[in-house]
Amino acid sequence: QVQLVESGGGLVQPGGSLTLSCAASGSPTIIYRMGWYRQVPGKQRKLVANIFQFDSTMYAESATGRFTISRDNGKNTVHLQMNGLKAEDTAVYYCRAGPDYNPSPADYWGQGIQVTVSS
């Protein structure tokens, strides 16, 4: 079992920055991929960014150029640095971790953390 705990969410003004962190505990040796998804009410949860075992990354188009995902392998922690935040980035952000390159039912999810971009 793997437990994911998110931190760093909150309220930020448009154009501001925020860093989300997700720490994995339990049996972290099985984690190959860690990433962030986000969800707004009434819509599907969508990928924001993924980072893989050897630090290759994948970004959604909405995140490219503004967000940076990084990973502390020794601590099995993933960070999402978000710059130039927009109102449309407002969502609940979820950490996701899995043992393979592709998403699978075996993946683990955090409980989610609110990010609100508003003046």
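A pocket is defined on a 1 Å grid over the protein atoms alone as an open set of points with protein on both sides within 12 Å along at least five of seven lines, and its lining residues have an atom within 4 Å of a point. The model is predicted: local features need pLDDT of at least 70 and side-chain atom pairs count only at pLDDT 80 or more, whereas totals for chains, interfaces and linings use all residues. Residues are numbered from 1 along each chain as its sequence is written, and side-chain values use heavy atoms, with hydrogens and water left out.

**View 1. Lining of the largest pocket.** Of the 13 lining residues, Arg-38, Val-40, Gln-44, Lys-46 and Glu-88 lie nearest the pocket centre. The lining comprises five nonpolar, four polar and four charged residues; Ala, Val, Leu, Ile, Met, Phe, Trp, Tyr, Cys and Pro count as nonpolar, Asp, Glu, Lys and Arg as charged, and the others, Gly among them, as polar.

**View 2. Strands at the largest pocket.** Two or more lining residues come from each of β4 (33–39) and β5 (46–52). The greatest contribution is that of β5, with three residues. Strands are DSSP runs (E, at least two residues), numbered from the N terminus.

**View 3. The open four-stranded sheet.** The strand order is β1-β3-β8-β7, with antiparallel pairing; two strands pair if DSSP finds at least two bridges between them. At the edges, β1 (2–7) and β7 (67–72) each pair on one side only.

**View 4. Pairing of β7 with β8.** Six bridges join β7 to β8 (residues 77–82) in the antiparallel sense. Arg-71 has Val-78 in β8 as its bridge partner.

Key:
On a 1 Å grid over the protein atoms alone, a cavity is a set of points where a 1.4 Å probe fits but cannot get out, and a pocket is an open set with protein on both sides within 12 Å along at least five of seven lines; lining residues have an atom within 4 Å of a point.
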